[in-house]
Amino acid sequence: MKWIATALLIVLLLLLPFFAGDFYINLASQILIAAIFALSLNLLVGYGGMTSLGHASYLGVAAYISALLTSRYGLGHGPAALLSILGTTAMAAFFGVIALRATGLGFLMITLALSQVLWGLAYRMSGVTNGDNGIAGLTRPAPLGIQLDSAASFYWFALVVALFAFLMLAIFVLSSFGSSLKGVRDQPRRMAALGFNPWMIRWLTFVYAGFWGGVSGLLYVYYNKYIHPTSLSTTSSAEALLGVIAGGSGTLSGPAVGAALVLLLKNYASAYIERWNMLLGLVFLFIVLVMPTGIVPGLSRLMAELRRGPR
Amino acid sequence: MTPDYALEVVNLTKAFGGLVVTQGVSLAIRPGERRLIIGPNGAGKTTLFHQISGDLRPNSGQIRLFGTDITQLTPYKRAHFGLSRTYQIITLFTGDTLQHNVTLGLLGLRSARWQMWRPLSHYGDLAIEARRTLDAVGLLHLADHPVSDIAYGEKRRVELAMALAQNPRVLLLDEPLAGLSNTERSQIKSLIASIPRETTVIMIEHDMDTALDLAETVTLLNYGRVIVDGDRDTVIADERTREVYLGA
């Protein structure tokens, strides 16, 4: 049943460009990118119990590295992408050492501070980053000679990457390391007494989350063909965190659903309502009150109750 | 050459601010020994366990496991040296099944715990061993139930199973009988009695009727000091034990 539903959803997603207009295809591409970003953040928040308010750092830095290497240094997209992911992952390794000196609120504050440093640099180091003007006039890559300039082709590209990311993270969560991670989230002391190294488990997860954050950043800059310091801002981190929590942290599909919700409200509702932020707030209030564990766990509980019938 | 002692504690001292909770405690426990640690509330028994397992760092003194100084080692490294423990306050993974709980105990000592690309469910040997351990503590029929579903007495047995699964050289049991009914006590008692002699067992327990049967040697702690230490019958007969612990 679950497999059939998943297969059906994938087919539907693959066929989307045949029955949707460019506006919706582009919206779907953005949702896919936001979903990968939210999935990577969920590794920390949901499975690791490490609430980060600085995850935009990885999206932003990967995007900036790729933008600078291709536009300023004339590198091809292949090596630029490789260097960008490598650089972002290395940064995550370094930031992890700093942030994981603390847990809980302390961890959150350090991640926030580190991301603010990067945001400030992107704004102020205008010699390198072009400051508030951002870096424009970027191009999309052409993997295997396939041009990604049309809405549909880019969407398919993003979909393939997103499905791969989803698969990899699903495997990660089900793996024995995933069990180590969830154990350290729930009972760090017990896990240490059993022979697990909590710090190393958290750090490796932090680095892996940084890697996937970098992947989403690459897609982000390919899609927009432009990068601006706001992508490194706390707002960007907080939106993703809201998506993860609203969709259901610690579930596989929750963050994707939450990310879709945030993007739909932001891009779609804002065309009709000027104060879309207020609408976003109301929607979150509703979720927190009605389904405090998030949309996906909330809905599956509702389904289970409906199946059981009225009492 | 095997060392004379499984666990040696030498002149261990720990203070929280002005409150000295462990004052120059020394213990020497032989391989395979069954040692009972008794003492009134606040005597520093659990604090001593925390220092042996590495959850707390002593201010001074030394802890040796089979001759190796482990005083500065982190808790997880001590586990790899063959030290396991249970907790006075039940510390389980409540949302997970019993089998998963025991599997974590097994996984902790294996390199598979770092494996990111292979599902845990593909490790058939882990599943078999986890279920065998659950069988040994009489909980196989509940293997697929989440811990939150089972009764308190059963949780105590899972607590024990997680440690036993690790096949430790030295096992620290912190009040394994706490809060149990008479029937449950005798179940746990026979479980502890069946632990193989390769494992040295050190136990904190208040239930003297049950615990004394299991013990060969007894240490009496009070105000963080060792008051009496030695052979079971000698310690029980000692005047000071009567005074401090058993009551007149």
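Because the model is predicted, local features need pLDDT of at least 70 and side-chain atom pairs count only at pLDDT 80 or more, while totals for chains, interfaces and linings use all residues. Residues are numbered from 1 along each chain as its sequence is written, and chains are lettered from A and ligands numbered from 1 in the order in which they are written.

## Overall build

Chain B has nine helices and 10 strands. Helices (H or I, at least four residues) and strands (E, at least two) are DSSP runs, numbered from the N terminus. The radius of gyration of chain B is 18 Å, close to the 18 Å from the globule rule for 248 residues, so chain B is as compact as a globular protein of that length. That radius is taken over C-alpha atoms, and the globule rule is 2.2 Å times the number of residues to the power 0.38. Along the principal axes, the C-alpha atoms of chain B fill a box of roughly 55 × 40 × 40 Å.

Of the 248 residues of chain B, 43% count as buried. A residue is buried if 20 or more other C-beta atoms lie within 10 Å of its own, exposed if 12 or fewer, and partly exposed in between; the C-beta atoms are placed from the backbone. Among contacts in chain B with a separation of 6 or more, 67% come from residues 24 or more positions apart. Two residues are in contact if their C-beta atoms, placed from the backbone, lie within 7 Å.

Which residues cover the two faces of E8(B)? On one side B:Thr200, B:Ile202 and B:Ile204 are buried, and on the other B:Val201 and B:Met203 are buried. In a regular strand the side chains alternate between the two faces of the sheet. Five of the five residues of strand E8 (residues 200-204) of chain B are buried, so E8(B) is largely enclosed by the rest of the structure. Strand E9 (residues 217-222) of chain B is mostly covered, with five of its six residues buried.

The table lists pairings of these strands. Two strands pair if DSSP finds at least two bridges between them.

| Pair in chain B | Sense | Bridges |
|---|---|---|
| E3(B) and E8(B) | parallel | four bridges |
| E7(B) and E8(B) | parallel | five bridges |
| E3(B) and E9(B) | parallel | four bridges |
| E9(B) and E10(B) | antiparallel | six bridges |

Some partners can be named. B:Val201 in E8(B) is the bridge partner of B:Arg34. B:Val201 is also the bridge partner of B:Leu171. B:Arg35 stands opposite B:Thr217 in E9(B). B:Asn222 stands opposite B:Arg225 in E10(B).

E9(B) and E10(B) form a hairpin with two residues between them. In the turn, B:Tyr223 has a positive phi of about 45 degrees.

## The four-stranded sheet

An open sheet of four strands in chain B has the order E2-E1-E4-E5, with antiparallel pairing. Its edge strands are E2 (19-29) and E5 (68-69), each pairing on one side only. Two bridges join strand E4 (residues 60-65) of chain B to E5(B). There, B:Leu65 stands opposite B:Thr68.

Helix H1 (residues 45-53) of chain B lies across E1, E2 and E4 of chain B, and runs at about 65 degrees to E2(B). Axes are lines fitted to C-alpha atoms, for helices over the stretch in contact, and angles run from 0 to 180 degrees between N-to-C directions.

## Two domains

Chain B is divided into domain 1 (1-82 + 168-248) and domain 2 (96-167). These bounds come from an automatic or database domain assignment. The C-alpha centres of the two domains of chain B lie 26 Å apart.

Between them, 12 residues of domain 1 of chain B are in contact with 12 residues of domain 2 of chain B. On the domain 1 side, H2 and helix H6 (182-193) of chain B each supply at least two residues. H6(B) gives the most to that side, with four residues. The residues of that side divide into seven nonpolar, four polar and one charged. Ala, Val, Leu, Ile, Met, Phe, Trp, Tyr, Cys and Pro count as nonpolar, Asp, Glu, Lys and Arg as charged, and the others, Gly among them, as polar.

## Contact with chain A

How many residues of chain B are in contact with chain A? There are 24, in contact with 19 residues of chain A. Helix H2 (75-80) and helix H3 (98-107) of chain B each supply at least two residues of the chain B side. H2(B) gives the most to that side, with four residues. By class, the chain B side has 14 nonpolar, six polar and four charged residues.
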